[in-house]
Amino acid sequence: MLESLKITIRRQKKLILIFLLTIFIPSVTLSIFGIIALRNERFRLEKQFREKQSDLVNHIKSQVDGNITELENELGNLVQTPSFVNEEYKEIIRLAENQLEKNPLADQFFVVYNGNEPWFPPFLPEGSGYTPGPIRGFTVMEKEKSDKAENFEFVQNNYQEAISLLKDLLKVTEDENLRGQILNRIARNYMKLNDFEAAIAVYTGIIRNFPESRTSTGTLLPVTVRFQMVECYMRSGKKEEALKESLRAFEEVMRNYHNLSENQFSAYASLARETFSNIRDENPEISSSDTTLIKNFENLNILYQKKTTEWQIINDLKDECIPYINQELMQDRGYSGNALRYSKKIGPEDFLIISFLIPDQTKTRANGIAGIKLTNAFLQDSLLPDILGNSGFEGDKGFALSNMDGRIIAGDTALLSKSTNITSYFDNSFPPWRIDLTGEITRPLLLKEFYRSFYFWTILTMMFFLVFGIVIIGRTIAHEKEILKLKSDFVSSVSHEFKTPITSIKALTERLLEGNVKDPKRMREYYSEIFRDTENLSHLVGNFLDFSKMEEGKKQYNIEETDFKLWLEQTVPDFFSRVTLRKYNINTKIDETAVMVKIDRNAMKLVVNNLLDNAVKFSPENSEIKVVLEKHGEKLLLKIKDDGIGIPKNEQASIFEKFYRGKDASQSSTTGTGLGLTIVKQIVEAHNGEVGVESEPGKGSSFTVILPVTDTEKDPLPNLPPGGKESIHLFPLGGNKKGD
Ligand code: ADP
């Protein structure tokens with residue numbers, strides 16, 4: 001086995017060498033270079049990916065910074081406007097509302113004028129004495145009347161007189177604030193007279209007609225009036241009205257929050273909440289009959305809570321940030337238009353503040369500072385996802401923003417436990433946050449790039465050729481090995497085929513030559529035995545010669561018009577009497593209508609003899625061998641059937657190949673060369689016929705030869721030499737093909 005492989009390889013040395021030199025070595029070399037190139041390509045792609053990531057980080061930084069700078073510029077411009085320089089509170093509130101609050105990045109705005117408390121528009125400035133619009137005092141004449149009325153009210157407790165004096169005063173006073181204040185005093189006197197109805201009527205008038213009027217201390221009159229009305233209702237026993245009025249008071253406070261200072265707002269809001277809660281708790285029947293009251297109260301409370309949070313921020317700014325910013329900006333007393341960015345962690349939040357100096361009129365000194373606390377939520381939850389989304393970043397996976405404590409405030413919270421590719425900080429640590437990016441170049445992306453690569457296709461092509469070459473070489477070697485085996489089997493079987501008759505002839509002639517055989521009958525037996533052996537030998541030699549002629553394409557056919565029926569009736573007995581000694585039950589069935597065919601009689605005899613020889617070889621003695629000749633239309637069917645060992649299905653396709661011998665057959669019959677059926681097939685096909693087999697192991701085989709009936713008009717044989725010579729030369733047809 002191994003030996004034959006070695007021999008085959010030795011024989012195919014040249015082919016293998018050519019394969020190695022022209023396909024294998026170049027393919028492998030190119031593949032190695034290709035793989036190296038692909039590796040480099042991978043590194044290049046990874047580098048590109050990292051660069052993209054770092055571009056993204058820079059993009060995030062510049063976008064965030066761009067947004068901050070934009071707001072900063074707005075503020076920087078605003079603080080230089082005359083309104084800021086001249087401390088025009090009302091105008092500042094308007095500007096802040098119109099210009100700064102529109103920017104979603106602006107959270108809380110503040111202004112601190114030198115020597116004043118910090119001011120958080122739109123609340124009114126604390127302690128600055130500022131009121132929207134000037135508050136005028138009484139003229140001398142009015143003042144006299146007013147003082148008189150005060151005397152009646154507080155010293156003499158003559159409320160009626162006080163009321164009539166105040167009514168007189170009202171007639172001569174034109175200022176809205178003063179008129180509101182006078183009415184307020186009239187109502188107060190009615191209350192002291194326990195005339196609550198009159199008081200309420202006056203209060204209602206104030207709210208309706210003087211919604212902007214203020215007390216002498218700057219408090220909004222309609223707000224204080226509401227609380228007075230609550231008291232009127234309470235004292236006149238109208239609990240339900242009192243409860244409703246306390247809710248209105250709360251509404252009034254909330255509605256006017258920006259017209260109050262932060263302290264006023266907080267004080268009045270608390271008062272309204274307490275008043276409402278007290279009346280509600282003392283008179284549960286009222287609220288249970290009117291549920292909308294409670295609902296409205298709850299809504300107002302929610303609003304109030306929101307405002308409270310704002311105060312918290314304001315207080316934090318006031319206590320924790322502004323002093324530092326003020327100090328930092330005011331350091332050198334002179335004015336400069338540079339911005340200061342300041343961040344400070346307060347509670348869980350990082351306060352991010354941008355601030356400027358406000359110049360005085362000379363623009364050389366600072367009059368105060370103004371700043372804005374930024375909305376972190378806008379940066380984290382809105383701006384960043386937008387930037388990521390626009391840059392084609394999938395979701396927030398692989399991106400994280402963490403604050404100074406290392407807590408992730410935006411992006412992928414799972415990132416904290418992972419090692420990241422890129423860590424970066426915002427310029428000047430503003431915001432004081434860290435950006436982390438992780439992620440590997442994805443496999444599909446990598447593959448996509450690879451598919452585009454020239455090297456990838458080179459390697460693939462090389463691999464294809466390599467595999468193709470290996471398959472071809474492998475098949476050639478396997479085929480050669482098979483042939484080698486067949487040939488060696490052939491040589492041994494041929495030797496055996498020759499040896500048997502020769503040994504027999506030798507022994508018999510020896511006996512005859514010695515003169516020991518005297519009995520003429522015995523002598524005849526010896527001679528006919530010798531004759532049969534030589535007949536067998538000549539059959540064998542005939543087979544070989546025919547086969548080698550066919551192989552070389554030199555086989556000549558001597559075609560003669562033959563009565564096939566007659567011819568067969570002689571050939572079959574001839575075989576049994578002259579060629580074989582074994583006894584069989586010969587059953588010949590010949591269709592009487594069988595007609596003339598054009599055949600090479602010797603060649604056709606070889607066909608019949610070979611088929612009969614196989615039938616005899618592979619069947620037990622005395623079994624039946626059937627020879628049937630039938631005519632089917634234009635075709636003659638010659639069938640030779642036996643009851644022998646049969647042929648396994650998987651061998652049936654190979655038995656017509658040269659040198660092929662069946663596995664069972666070579667065990668049961670020692671004679672045979674594997675050429676018989678090859679010769680049969682070639683001869684039959686040269687006669688434009690076909691040969692086939694039907695067989696079942698253990699049950700016998702049936703070989704069928706189909707020959708075309710001669711048409712006297714039309715010759716079935718192709719390529720007849722010119723002149724109609726009956727001897728033709730045919731190349732073997734399908735000699736190596738598998739028989740079917
Ligand atoms: P050989 O008979 O010399 O082996 P052939 O070419 O005549 O070679 O036949 C090829 C093979 O076909 C045989 O080895 C045998 O396996 C199978 N075969 C042919 N004829 C028969 C048959 N009548 N019965 C069983 N096997 C047969």
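How many residues surround the ligand, and which are the closest? Select the ligand and its surroundings: 21 residues surround it, and the closest are Asn614, Lys617, Asp642, Thr673 and Leu677. Keep in mind as you look around that this is a predicted model.

**Stop one: around the ligand**

Color the shell by residue class and you'll get 10 nonpolar, 8 polar and 3 charged residues. Now switch to a cartoon view. Helix H19 (601-617), helix H22 (676-686) and strand E15 (700-708) each supply at least two residues of that shell. H19 gives the largest share, with 3 residues.

Start with Lys617: an N or O atom in its side chain sits 2.8 Å from an oxygen atom of the ligand. Move on to Gly662, where a backbone N or O atom is 3.0 Å from a ligand oxygen. Then pick Ser701, whose side chain has an N or O atom 3.3 Å from a nitrogen atom of the ligand.

Select Asn622, which is in the loop between H19 and strand E12 (624-632). Most residues other than glycine have a negative phi.

**Stop three: a cis bond**

Jump to Pro431, in the loop between strand E7 (422-425) and strand E8 (434-437). Zoom in on the peptide bond that joins Phe430 and Pro431: it is cis, with omega at about -5°. Most peptide bonds are trans.

**Stop four: two helices**

Finally, select helix H9 (residues 221-235) together with helix H10 (residues 239-255). They pack at an angle of about 170°, and their axes are 8 Å apart. That angle makes H9 roughly antiparallel to H10. Show side chains where they meet: H9 brings residues including Phe227, Met229 and Tyr233, while H10 brings residues including Ala242, Arg248 and Val253. By class, the contact of H9 with H10 has 10 nonpolar, 1 polar and 6 charged residues.

Notes
Residues are numbered from 1 along each chain as its sequence is written. This is a predicted model: local features need pLDDT of at least 70, side-chain atom pairs count only at pLDDT 80 or more; totals for chains, interfaces and linings use all residues. Side-chain values use heavy atoms; hydrogens and water are left out. Axes are lines fitted to C-alpha atoms, for helices over the stretch in contact, and angles run from 0 to 180 degrees between N-to-C directions. Helices (H or I, at least four residues) and strands (E, at least two) are DSSP runs, numbered from the N terminus. Angles under 35 degrees count as roughly parallel, over 145 as roughly antiparallel, 65 to 115 as roughly perpendicular and the rest as oblique. Contact means heavy atoms within 4.5 Å. Ala, Val, Leu, Ile, Met, Phe, Trp, Tyr, Cys and Pro count as nonpolar, Asp, Glu, Lys and Arg as charged, and the others, Gly among them, as polar. A residue is near a molecule or strand if one of its heavy atoms lies within 4 Å of it. A polar contact is a pair of N or O atoms within 3.5 Å; within protein, one must be able to donate a hydrogen and the other to accept it, and residues adjacent in sequence count only if both atoms are side-chain atoms.
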